[in-house]
Each structure stands twice: as structure tokens, then as C-alpha cells.
Amino acid sequence: MITLTESAASKISELISESEHVGIRPGVQGGGCSGFSYTLKFSSGAEGSDKVLESGGVQIHVDKKSYLYLMGVEIDYVSGLQSGFKFNNPNAKRTCGCGESFSV
């Protein structure tokens, strides 16, 4: 399962209401200083064999490969000087200093 904190769900719902999108698409791609990096995009709907989840009233569409690395992840939204979405991944064995990449 992938979950959103209350602040992340609120911010995503706000952003989605201003667009034609219906949810978000978190993912994982190779690269970054620790091996994998996170991606987060808006989604216009599920594709092919996507896993379709829901958290905090927000639809989450994730491809099967990324889902393997994102099971148990909590996505948070942090406001302030460095506002943005933060992935809290209990499966990560190592992360880089900025938290943008990880390894398992």
C-alpha cells in the first residue's frame, strides 16, 4: 500500500482541482546517487496493468515495477522554505543526503 499524509492529500487534491487530472502517478527510475530516484506526476487515469490505489480521497496509479519498490511508502507534503513532496520509504536500505534517491 502507498499512503498519503493528510497534508499531502490536501495539497494534491488542491492541485488536481485546478487541472484535468484525476490522481497521481508515483514511480521509481534508475539513477540518483543511491541507485533509484523517485518520480511523482499527475495522472489522467490508470494505464494497462497499473495498480490503482486510493489514499486520503486521492487516486494513486502506479506501474507494477515501481510498486515493488514503493510498497509501504508514505508520501508527505512539507511546506516552508523547501516546500515539496517527501517519500518516506521503510524499504530503503540507504538514501542520499537530500532524500531524492535510495537503494534497497
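What follows is a set of questions and answers on the terms used.

Guide: This is a predicted model, in which local features need pLDDT of at least 70, side-chain atom pairs count only at pLDDT 80 or more, and totals for chains, interfaces and linings use all residues. Residues are numbered from 1 along each chain as its sequence is written, and side-chain values use heavy atoms, with hydrogens and water left out.

Visitor: How many helices and strands does the chain have, and what makes a run count as one?

Guide: There are 2 helices and 9 strands. Helices are DSSP runs of H or I with at least four residues, and strands are DSSP runs of E with at least two, numbered from the N terminus. Read from that end, the order is β-α-β-β-β-β-α-β-β-β-β.

Visitor: Why is Phe36 called partly exposed?

Guide: Buried means under 20% relative accessible area and exposed over 50%, with partly exposed in between (1.4 Å probe, protein chains only). Phe36 has 21% relative accessibility, so it counts as partly exposed. Phe36 belongs to strand E3, residues 36–43. By the buried criterion, 37% of the 104 residues of the chain qualify.

Visitor: What makes E6 and E7 a pair?

Guide: Two strands pair if DSSP finds at least two bridges between them. Strand E6 (residues 74–78) and strand E7 (residues 84–88) have 5 bridges, in the antiparallel sense. Asp76 has Lys86 in E7 as its bridge partner. The two strands form a hairpin with 5 residues between them, and Gly80 in the turn has a positive phi of about 135 degrees.

Visitor: Which strands form the open sheet, and in what order?

Guide: The order is E1-E6-E7, with mixed pairing. Strand E1 (3–4) and E7 are at the edges because each has a single partner strand, which leaves one side of each without a neighbour in the sheet. Helix H1 (residues 6–17) packs on this sheet and touches E1, E6 and E7. The direction of H1 makes about 70 degrees with that of E6; axes are lines fitted to C-alpha atoms, for helices over the stretch in contact, and angles run from 0 to 180 degrees between N-to-C directions.

Visitor: What share of the contacts with a separation of 6 or more joins residues 24 or more positions apart?

Guide: The share is 51%, where contact means heavy atoms within 4.5 Å.
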